[in-house]
Amino acid sequence: MLSGHDAVATVAVRDLKAASRFYEDMLGLERIHDEESQAYTYRTGGSTMLVYQSEYAGTNRATAVTWMVGDRVDALVESLKAKGVRFERYDMPETRHDGDVHVAGETRVAWFKDPDGNIHALVNG
């Protein structure tokens, strides 16, 4: 029923202007639509991400957006750290840490938060 349709990552933020600085300046995303200063749409690869203002921003304690970056996890971690992005460290079974990257078998993943606490992941998948 939905398999032929694109899905859009949707992220709630408290302050849309502060979020735009993070997503545009820190992550390098291109804003492609502005919905009367209540929501911004960003291009990310072949898809889009909607960032909108909400009183419920940052209440999700799980990963909100996953970026499939192939073998660029480590390089992107270093580039984002140079811009001031701080990476999370989680202790999980059968997972070791390689700097800011979590390693479980062939999977390499690094998590970071936006200014509202929304969790993002860079994964080598």
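A residue is called buried when its relative accessible area is under 20%, exposed when that area is over 50%, and partly exposed in between, using a 1.4 Å probe and protein chains only. By that rule Val 69 is buried, because its relative accessible area is 18%. With this term in hand, let us walk through the chain.

First, a word on the model itself. It is a predicted model, where local features need pLDDT of at least 70, side-chain atom pairs count only at pLDDT 80 or more, and totals for chains, interfaces and linings use all residues. Residues are numbered from 1 along each chain as its sequence is written, and side-chain values use heavy atoms, with hydrogens and water left out.

## The whole chain

The chain holds 2 helices and 9 strands, where helices (H or I, at least four residues) and strands (E, at least two) are DSSP runs numbered from the N terminus. Read from the N terminus, their order is β-α-β-β-β-β-α-β-β-β-β.

The C-alpha trace spans about 45 × 40 × 25 Å along its principal axes. The radius of gyration is 15 Å, which agrees with the value near 14 Å that a compact globule of 125 residues would have. This radius is taken over C-alpha atoms, and the globule rule is 2.2 Å times the number of residues to the power 0.38.

Of the 125 residues, 35% count as buried. The accessible surface comes to about 7800 Å², and 47% of it belongs to carbon and sulfur atoms; such areas come from the Shrake-Rupley method with a 1.4 Å probe, and for residues only the protein chains shown count as cover.

Contact means heavy atoms within 4.5 Å. Among contacts between residues at least 6 apart in sequence, 51% join residues at least 24 apart.

As for charge, there are 14 positive and 20 negative side chains, and the centres of the two sets lie 5 Å apart. Lys and Arg count as positive and Asp and Glu as negative, while His and the chain ends are not counted. Each charge is placed at NZ of Lys, CZ of Arg, CG of Asp or CD of Glu.

## A buried asparagine

Asn 118 sits in the loop between β8 (107–113) and β9 (119–123). Is Asn 118 buried or exposed? Asn 118 is buried, because its relative accessible area is 4%.

Its side chain reaches the backbone oxygen of Ala 12 at 2.8 Å and makes a polar contact of 2.9 Å with the side chain of Asp 114. A polar contact is a pair of N or O atoms within 3.5 Å; within protein, one must be able to donate a hydrogen and the other to accept it, and residues adjacent in sequence count only if both atoms are side-chain atoms. Leaving aside neighbours within four places in sequence, Asn 118 is in contact with Val 11, Ala 12, Val 13, Gly 58, Phe 112 and Lys 113.

Glu 35 belongs to strand β2 (residues 30–35) and is partly exposed, with a relative accessible area of 41%. The side chains of Glu 35 and His 33 form a polar contact of 3.0 Å.

Ser 37 is partly exposed at 37% relative accessibility, and has a positive phi of about 60° although it is not a glycine. Another residue with a positive phi is Glu 94, near 55° and likewise not a glycine. Glu 94 lies in the loop between α2 (73–82) and β6 (96–98), and counts as exposed at 78% relative accessibility.

Thr 44 is part of strand β3 and counts as buried, at 15% relative accessibility. Not counting residues up to four places away in sequence, Thr 44 touches Leu 29, Met 49 and Trp 67. Gly 45 lies in the loop between β3 and β4 (47–53) and is exposed, with a relative accessible area of 70%.

## Across the sequence

Which residues does Val 69 contact, leaving aside its neighbours within four places in sequence? They are Leu 76, Leu 122, Val 123 and Gly 125. Val 69 itself is in the loop between β5 (63–68) and α2.

Here are some C-alpha separations for pairs of residues.

| Pair | Apart in sequence | C-alpha to C-alpha |
|---|---|---|
| Glu 35 and His 102 | 67 residues | 37 Å |
| Gly 45 and Trp 67 | 22 residues | 9.3 Å |
| Val 69 and Gly 125 | 56 residues | 6.8 Å |
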